[in-house]
Amino acid sequence: MSSMTTQRLEAVSMTVTQADIDIYAGLTNDFNPLHVDSEFAAGTPMGSTIAHGTLSLNLIWQSLARTFGAAALQGITLDIRFLKPLYANGAITAGGQRDAQDPRRFEVWVNGADGAPLIAGHARLPHAPLP
């Protein structure tokens, strides 16, 4: 875990393969063809399969937990927006930074390899250590 005075969350990165998407579909029982059927997905505006939004969102939880520990996540409120899809074989990084006005609030994000935000929002941790 990072020090109690952390201003930035520990970054968490991964490359999401089609195999990861397929495994996640099995875990969540969400077999939407946009996620798991490349032929179907090719005929949509997406052009190919995309990851479940919640698969990417999990990296924000990992970033928060690695920074503060699981106990600090009790009572958390998360307000996020899904901005862009994550295509199979896309690299992503989740992280965040402390809000200057509210030390228990963090701007959080998941960015693609090009730095473009895929998910953006805020997390408020009522039990996070204060700087």
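A residue is called buried when its relative accessible area is under 20%, exposed when this area is over 50%, and partly exposed in between, as computed with a 1.4 Å probe on protein chains only. The structure is a predicted model, in which local features need pLDDT of at least 70 and side-chain atom pairs count only at pLDDT 80 or more, whereas totals for chains, interfaces and linings use all residues. Residues are numbered from 1 along each chain as its sequence is written, and side-chain values use heavy atoms, with hydrogens and water left out. Helices (H or I, at least four residues) and strands (E, at least two) are DSSP runs numbered from the N terminus.

Helix α4, residues 53-68, has 16 residues and reaches 24 Å from its first C-alpha to its last, which is close to the 22 Å expected at 1.5 Å a residue, the expected span being 1.5 Å times one less than the number of residues. The buried residues of α4 are L55, S56, L57, L59, I60, S63, L64, T67 and F68. An α-helix has 3.6 residues a turn, so residues three or four places apart point the same way. The cover over the buried residues of α4 includes β1 (12-16), α1, β2, β3, β4 (105-112) and β5 (117-124). After α4 comes G69, whose phi is positive, near 90 degrees.

When neighbours within four places in sequence are left aside, L125 is in contact (heavy atoms within 4.5 Å) with L64, F68, A72, L73, I76, R104 and F106.

Two asparagines lie in loops and have positive phi values. N29, in the loop between α1 (18-28) and α2 (33-36), has a phi near 60 degrees and is exposed, because its relative accessible area is 61%. N89, in the loop between β2 (77-82) and β3 (90-98), has a phi near 70 degrees and is likewise exposed, with a relative accessible area of 54%.

In the segment before β1 lies A11, which counts as partly exposed because its relative accessibility is 48%. Apart from neighbours within four places in sequence, A11 is in contact with R66, T93 and A94.
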